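Me: I am new to this structure and would like to learn how to read it. Could we go through a few features together?

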Amino acid sequence: MLRDTYLLFHHHLRITLRQKFGPIFGVIQPLLFLVLFGPIFATIGTWETLVPGLIVQLGLMSTGMAGFGVVFEKRSGVLERMRVTPASRLALLLGRVLNNAVTLILQTVLLVAVGYAFGLRAPAAGVLAGLVLVVVLGLSLAALSYAIALTLNDQLFAPVMSTVVVPLSLLSGAFLPMSMAPGWLDALSHISPFRYVLEALRELFAGHYATGTVGLGVAVTVVFALVSVTIGTRVFNRENA
Amino acid sequence: MIKTAGLSKTFEGGVAAVKGVDISVGPGEIVGFLGPNGAGKTTTMRMLTTLLRPTSGTATVAGHDLLADAREVRRRIGYVSQGGGINPAAPLGDELELQAMLYGLSRTEARTRMTEVLAQLDLEGLEPRPGAALSGGQRRRFDIAFGLLHRPALLFLDEPTTGLDPQSRANLWEHIRALRAERGVTVFLTTHYLDEADALCDRLLIIDHGRIVAEGTPAELKTGGRTLDDVFLDITGRSLREEAGV
């Protein structure tokens, strides 16, 4: 299973890197937010609050839309060809999601680097810990995205996901912390796992590691990852997927 | 090589696509599986290749139980689906190498094997190209190359020549015959071209409404001076069928 996962990861990473500008385009929107919205936000908040929000937004847009790849593979018959090989279904999923997670890391590093140029001053340990959280978040979102892509009609994936991603970004508090929201909106945002991930990320970027917020964020991220990968594997395993 | 008993598939919503099919295919045979659109050909083939779980019945494919040992079945079979599995955007050499390695070959073995198969199918030199840059005949032969990389004992071909010009069809027939003659590969194929079935297959199975309705060698089926087209229409009727899409 490990060998198959590595083979598929390596294969998909090569395809991603061959596209050259694909991963760059994925990070353009959060970069635009950073450049065009960041200086305004900095008058009322800190870069250590904004950049983690943009990382979560990036994760939702980049890995959340990963299912597009499998829609394409389903249409061209490539997925079915692979499903007839002895490769395990978990490897077929993990090879893809690891590629998405690595791409997300590269995009996040670029976003953080530009953030530093604008005034972000997060400790290196906090950023590294945050990157670990981002990897797990990326794995989870990509696995879920593949499961949704294989379950929905091909034409529905794009409109459904683009409709879902924007409210999830807003409810996570990506642009403004939910503590600033009215009570009902704050309460509503607690159903989104991304709120907990983001709050943990902000704590880490602020240099606070051993806090309840970080613990809760890590726990929610791990549980979310387990649930997402389980769902993804089940859908890959399901007949006629 | 293939032995099924009462193999059935009923889809959600109650559509019974295959109803208790018994199939027996021996080593080295080329067997044609014929039937009108929606008769159950592709559903049967997808069950035999582990892509669909049968609702009931038993099957042994390439010496392994289809349900209990699906992964071992996959190791031993090659499958070329109706629509193919060519990535239009990636170099086919990369895709072939990955496919071979997923069957357990080392990178060196995969490259050696890729060279052999591409030579066998007259595809040398095309592997750096993406699928979109190939002709229909070349794409179909690449589909077959994907199915042959791991030297399967049993090859499933779902409408392998649909959409090909007569030259490409004849060329593909030669390759299929050579597989059996040189390596003893067993071939189970579906086709809508009855001349193809007549020329290529040792034995034919005709399925209609999910049941096997006729079986025999082409000569056995063509009784009374009838052509295979006449036999097929006499057995399955002359009314138009819609593709069930399963």
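Me: In which sense do strand S1 (residues 2-10) and strand S5 (residues 56-61) of chain B pair, and over how many bridges?

Reply: First, this is a predicted model, in which local features need pLDDT of at least 70 and side-chain atom pairs count only at pLDDT 80 or more, while totals for chains, interfaces and linings use all residues. Residues are numbered from 1 along each chain as its sequence is written, and chains are lettered from A and ligands numbered from 1 in the order in which they are written. Strands (E, at least two residues) and helices (H or I, at least four) are DSSP runs, numbered from the N terminus, and two strands pair if DSSP finds at least two bridges between them. Here S1(B) and S5(B) pair in the antiparallel sense over five bridges, with Ile2(B) standing opposite Val61(B) in S5(B).

Me: What is the bridge partner of Val61(B) in S6(B)?

Reply: That partner is His64(B); S5(B) and strand S6 (residues 64-65) of chain B pair in the antiparallel sense over two bridges. Their hairpin has two residues between the strands, and Ala62(B) takes a positive phi near 50° there.

Me: How are helix H3 (residues 47-62) and helix H10 (residues 193-205) of chain A packed?

Reply: Two packed helices are described by the angle between their axes and the distance between the axes. For H3(A) and H10(A) the angle is about 140°, and the axes are 9 Å apart; the axes are lines fitted to C-alpha atoms over the stretch in contact, and angles run from 0 to 180 degrees between N-to-C directions. These helices are therefore oblique to each other, given that angles under 35 degrees count as roughly parallel, over 145 as roughly antiparallel, 65 to 115 as roughly perpendicular and the rest as oblique.
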